[in-house]
Amino acid sequence: MAIKYLDKYPKNLAKSLWVLKPQWTVLKLLAKTVRHRPVTVLYPYEKEWVPENYRGRPGLRFDKCVGCGMCVRMCPTACIKLVDATDDDGKTVRRPQVNLGRCAMCGYCAEYCPVDAMTVTPEYELAEFTRFDLLYGPRRLNYEKTTPGMEVKLEVTLPSDIANGNPERRVSLFALDRPELTDSKCIGCKKCAKVCPVNAIEMVEKGVNDKGKPILRPVIDNDKCICCSNCVDDCPKDALKIKEVL
Amino acid sequence: MAYSSILNWIDFYQNPMSNAYYPFGDIYNLPFDISYKLWELIGGTIAWLINLIFPGNPVSIWLMDDAACTLFALIIFMLIIFIVVFVCTLISLWMERKFLGRMMDRRGTMVGMKGFLQCVADGLKTFMKENTIPGKVDKMTYMWTVSLVIGVSVLVACMVPLSDRWFVVNYDTGLLIIMAFFALAPFFILVSGWAQNNKYSLIGGMRAAELMISYEVPMLIMIGTTALLAGSFNIGDIIDAQYETVWYIVPQIIGCITFFFAATAESERLPFDIAEAEAELVEGWQTEYAGMKWGLIMLADYFRGYVACAMFAIMYLGGWMLPGIGDGPIPEIVFLLKTWFVFFLMILVRAALARVRPDQILNIGWKVFMPLSVINLAIVLLLKVGGVF
């Protein structure tokens with residue numbers, strides 16, 4: 001029996017000095033934290049630095065927005081809704097309203113906004129007393145100190161681009177897509193021209209039909225188009241579709 | 001005396017040692033001096049006021065009488081001794097929280113005065129809680145044991161002298177008596193764990209007894225070794241002997257390290273807090289104590305930690321003497337600084353090491369501490385016989 005317990009002594013006594021190692025570690029840490037400060041940040045009194053494109057609540061620059069609804073379409077939590085708002089001239093326009101109770105702060109709206117009206121902001125202290133207070137209307141979404149860095153750009157490089165020897169980053173993938181018309185399906189209803197937020201679609205006469213009435217076909221101004229695909233969505237005959245035009 | 005000035009009653013510059021009832025023989029005692037002068041002020045004012053209303057009454061004269069002065073001065077003396085020890089303990093509590101925080105890369109306590117007021121706030125909080133007693137405990141032992149644990153800890157903390165002029169009683173067997181009272185608490189913990197009728201408390205109490213039998217014997221051997229080296233159990237004599245030769249940490253380096261760990265175990269601090277073991281045993285033997293009782297138990301723990309550090313400073317670090325300088329103007333501060341330095345080492349060990357298992361503490365106690373203390377004793381005997389000391 002005695003031999004069994006004696007085995008518990010370490011063969012090499014110097015090895016039992018491992019006890020000193022954690023103490024040396026702790027002493028080093030103490031010296032470090034006494035000279036500098038500990039890692040703890042006293043949150044309400046001091047805040048951590050946030051980068052310029054920090055994904056806080058979404059912000060909106062009312063005058064830049066064209067009301068295309070791209071943010072509504074892209075929002076993964078479906079928290080954005082287009083509502084009627086009055087702009088500076090007194091006209092009624094469509095502008096996004098964000099329900100911050102559902103917002104995931106992913107910043108997709110800012111990424112996909114074709115006119116960079118939607119931005120991210122570094123605001124993250126958003127507690128309110130009721131759920132209704134969490135609905136941020138178009139005017140409330142305004143953020144005073146918006147900087148260019150908050151307009152999050154969707155910068156991508158396609159594998160096909162690299163294969164073709166063009167590794168430059170595209171500013172926006174969607175900026176290079178344009179709606180394309182299937183002529184045989186179009187009935188010339190002008191709906192696409194009405195819904196276009198930037199008036200890029202013009203209805204042009206292309207001859208007359210059998211009954212002598214003019215045949216109207218949309219002509220898309222590629223410089224004005226922001227590829228919001230509202231025309232594609234609203235086309236009653238599916239005559240328009242988005243095509244990548246490189 | 002129909003009308004008398006207040007200065008007729010207050011004899012502020014009277015030396016308390018000239019009082020016929022001076023309780024400390026021919027040794028000067030600083031806290032008694034302070035309390036005596038305080039009583040001269042308070043009692044003299046009271047006596048003067050009473051004398052203004054009832055001129056020539058016997059109560060005023062009795063109040064400033066030698067015996068009454070000594071009596072009331074002793075009451076104030078007790079308060080002063082306790083408050084000083086209490087504040088020192090609170091400072092070590094603050095040290096533990098702040099240093100432990102920094103060692104864990106946290107900030108530690110932050111409330112007022114660099115976190116010192118957190119101790120006061122915690123104390124007030126526990127005092128304001130409801131005094132609950134579980135239904136199935138044995139009430140008498142439950143209350144008595146916790147009172148005794150706290151009482152013995154406070155008593156032993158007050159008995160530690162801070163210098164040769166700051167003491168309660170100058171025992172010839174001071175070291176032995178302090179260690180005897182120090183070792184009493186585990187018995188009460190065992191009984192308390194039994195009285196609470198709770199399995200965690202019972203295991204905690206059993207572990208306290210187990211812990212005690214593992215470190216107590218080597219610890220007493222080391223105390224005996226120090227007394228042998230100094231030739232006295234009197235704390236003042238031990239410190240004088242260290243001043244005349246060297247700090248006993250030099251000849252007794254093995255014993256000093258062993259005593260440090262045994263004292264850590266004695267005050268039930270990590271890594272030897274197996275009786276409390278809040279990670280595995282809820283709160284160990286303190287499980288059923290709530291509110292003020294628990295707060296006082298925690299305070300008593302720190303009293304015991306303070307005493308362990310003070311004993312280390314007395315036995316190995318030369319107490320209130322500095323080599324080459326001697327007493328100095330404020331030996332109390334020197335002593336407290338040494339005590340807090342030892343406490344800092346205890347915090348370091350606490351932060352660095354994990355808790356030992358109950359079987360490991362028995363192994364360490366009997367198979368490591370015990371041989372080491374005997375080796376230490378042998379070295380001291382050789383030195384003593386060889387005439388070095």
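Helices, here runs of at least four residues in DSSP state H or I, and strands, runs of at least two residues in state E, are numbered from the N terminus. The model is predicted.

**Exercise 1. Carry out the analysis for chain A: is it compact or spread out?**

Solution. Step 1: chain A contains seven helices and nine strands.

Step 1: its radius of gyration is 30 Å, whereas the globule rule gives 18 Å for 246 residues; the value is well over the rule, so chain A is more spread out than a compact globule.

Step 2: the box filled by the C-alpha atoms of chain A, taken along the principal axes, is roughly 115 × 50 × 35 Å. Of the 246 residues of chain A, 20% count as buried. Residues 24 or more positions apart supply 73% of the contacts in chain A with a separation of 6 or more.

Step 3: Chain A averages a pLDDT of 84, and 92% of the residues score at least 70. Among its elements, the lowest mean pLDDT (53) belongs to helix 1 (residues 2-6) of chain A, and the highest (92) to strand 5 (residues 135-136) of chain A. Where pLDDT is low, the predicted coordinates should not be read in detail.

**Exercise 2. Describe how the two domains of chain A are placed and what classes of residue domain 1 of chain A presents to domain 2 of chain A.**

Solution. Step 1: the assignment divides chain A into domain 1 (58-150) and domain 2 (176-244). Their centres, taken over C-alpha atoms, are separated by 29 Å.

Step 1: seven residues of domain 1 of chain A are in contact with six residues of domain 2 of chain A. The domain 1 side of this contact comprises five nonpolar, two polar and no charged residues.

**Exercise 3. Repeat the domain analysis for chain B, and identify which elements contribute two or more residues to the domain 1 side.**

Solution. Step 1: the domains of chain B are domain 1 (6-82) and domain 2 (129-385), with 37 Å between their centres over C-alpha atoms.

Step 1: seven residues of domain 1 of chain B meet six residues of domain 2 of chain B. Helix 1 and helix 3 of chain B are the elements that give two or more residues to the domain 1 side. By class, that side divides into six nonpolar, one polar and no charged residues.

**Exercise 4. Check the length of helix 1 of chain B and state what covers its buried residues.**

Solution. Step 1: helix 1 (residues 30-53) of chain B has 24 residues, which at 1.5 Å a residue should span 34 Å; the end C-alpha atoms are 35 Å apart, in agreement.

Step 1: the buried residues of this helix include B:Phe32, B:Tyr36, B:Trp39 and B:Glu40. Their cover includes helix 2 (58-63) and helix 3 (66-103) of chain B.

**Exercise 5. Classify B:Cys256 and B:Glu280 as buried, partly exposed or exposed.**

Solution. Step 1: B:Cys256 is in helix 10 of chain B. A residue is buried if 20 or more other C-beta atoms lie within 10 Å of its own; B:Cys256 has 20 such neighbours and therefore counts as buried. Beyond its neighbours within four places in sequence, B:Cys256 is in contact with B:Ile249 and B:Tyr316.

Step 1: B:Glu280 is in the loop between helix 10 (253-266) and helix 11 (292-316) of chain B. With 13 other C-beta atoms within 10 Å, B:Glu280 is partly exposed.

Technical notes:
Residues are numbered from 1 along each chain as its sequence is written. Chains are lettered from A and ligands numbered from 1 in the order in which they are written. This is a predicted model: local features need pLDDT of at least 70, side-chain atom pairs count only at pLDDT 80 or more; totals for chains, interfaces and linings use all residues. The expected span of a helix is 1.5 Å times one less than its number of residues. A residue is buried if 20 or more other C-beta atoms lie within 10 Å of its own, exposed if 12 or fewer, and partly exposed in between; C-beta atoms are placed from the backbone. Two residues are in contact if their C-beta atoms, placed from the backbone, lie within 7 Å. Domain bounds come from an automatic or database domain assignment. Ala, Val, Leu, Ile, Met, Phe, Trp, Tyr, Cys and Pro count as nonpolar, Asp, Glu, Lys and Arg as charged, and the others, Gly among them, as polar. pLDDT is the predictor's confidence in each residue, from 0 to 100. The radius of gyration is taken over C-alpha atoms; the globule rule is 2.2 Å times the number of residues to the power 0.38.
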